[in-house]
Amino acid sequence: MEHFDWKQLFNPEFYILLQVGGVKIGLYVVLFIVFAETGLLAGFFLPGDSLLFLCGIYSQLLMQDFSTGSDFVDVTFLATLVAAMGILGNMAGYWFGKKSGTYLFKREDSFFFKKKYLFQSKDFFDKYGNRAVVFARFLPIVRTFAPVIAGIVEMDRKRFMFYNVLGSFLWSFTMIFAGHYLYELFLNSFGIDLKHYIEYIVIGIILVTTIPVLMKILKKRSV
């Protein structure tokens, strides 16, 4: 934690490599962040997609205390843990939305809450219906409020859980396995260590995942 710079909070690699008193706590921090994105409505500034991709790259480090000796099993276990936290986070968001009703639409903006994101997520949910719970997992900001909207509109609980589990596992396994096996491919086939290009990878993932959201916003403003 020496020479801490607040800008590190926006760097997913910082969380993965985090140590306290020489003890590596990256895995626990990652799991908390995945839960917090939806469970604590704090997803608009947390590095969700890029964090999971980097988890795939650093899977050996994250799972070193729980390694089974099988690379595939370790990565699968990591992805399952992340998916489980995503499911719990969505459940917390759904519960909050169901209990709060329309309260959030009247709440004032704060650092951790932006009402405009709630309305954008509502539009997204209106367009895609139940499938929005799955699609939202791959879209920053929208995934934070999608389960809340599902609770507000009183989406059937069993139906919500089905799409919640499906979306969380698809998101977790896609991002983590992509990071893990692309890292191995580039390292073994081209001699390129992706860990030396983390900043470019993060920027690339942010652009890919946020462009659809920005296009939707711009399109809505132009109408």
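E37, D49 and R143 are linked in a network of salt bridges, a salt bridge being a side-chain nitrogen of Lys or Arg within 4 Å of a carboxyl oxygen of Asp or Glu. Let us explore that network and a few other spots through some exercises.

This is a predicted model, in which local features need pLDDT of at least 70 and side-chain atom pairs count only at pLDDT 80 or more, while totals for chains, interfaces and linings use all residues. Residues are numbered from 1 along each chain as its sequence is written, and side-chain values use heavy atoms, with hydrogens and water left out.

**Exercise 1. Get your bearings**

Task: find how many helices and strands the protein chain has, and in which order they run.

Solution: 
- Begin with the count: there are 11 helices and two strands. Helices (H or I, at least four residues) and strands (E, at least two) are DSSP runs, numbered from the N terminus.
- Next, read the order from the N terminus: α-β-β-α-α-α-α-α-α-α-α-α-α.
- Then look at burial: of the 223 residues, 44% are buried. Buried means under 20% relative accessible area, exposed over 50%, partly exposed in between (1.4 Å probe, protein chains only).
- Finally, take the contacts (heavy atoms within 4.5 Å). Among those with a separation of 6 or more, 73% are between residues 24 or more positions apart.

**Exercise 2. Trace the salt bridges**

Task: work out which parts of the chain the salt bridges of R143 tie together.

Solution: 
- The count comes to two salt bridges.
- In one of them, the side chains of E37 and R143 meet at 3.2 Å, N to O. E37 belongs to helix α2 (residues 26-39) and R143 to helix α9 (residues 142-152), so this pair ties together parts 106 residues apart in sequence.
- R143 also meets D49, at 3.3 Å, N to O. Because D49 sits in helix α3 and R143 in helix α9, the pair joins parts 94 residues apart in sequence.
- Now check burial: E37 and R143 are both buried. R143 has a relative accessible area of 2%, and D49, at 4%, counts as buried too.

**Exercise 3. A charge without a partner**

Task: for D74, find the nearest side chain of opposite charge and say how far away it is.

Solution: 
- Locate D74 in helix α5 (residues 71-100).
- Lys and Arg count as positive and Asp and Glu as negative; His and the chain ends are not counted. By this rule the nearest side chain of opposite charge is K195, 14 Å away.
- D74 is buried yet has no salt bridge.
- Leaving out residues up to four places away in sequence, D74 touches M63, F66, S67, T68 and G69.

**Exercise 4. One face of a helix**

Task: explain why the buried residues of α7 line one face of the helix.

Solution: 
- The buried residues are Y117, L118, Q120, S121, F124 and F125.
- Seen down the axis of α7, they fall within an arc of 165°, so they line one face. The arc is that of the directions from the helix axis to the C-beta atoms.
- Just after α7, G129 takes a positive phi of about 65°.
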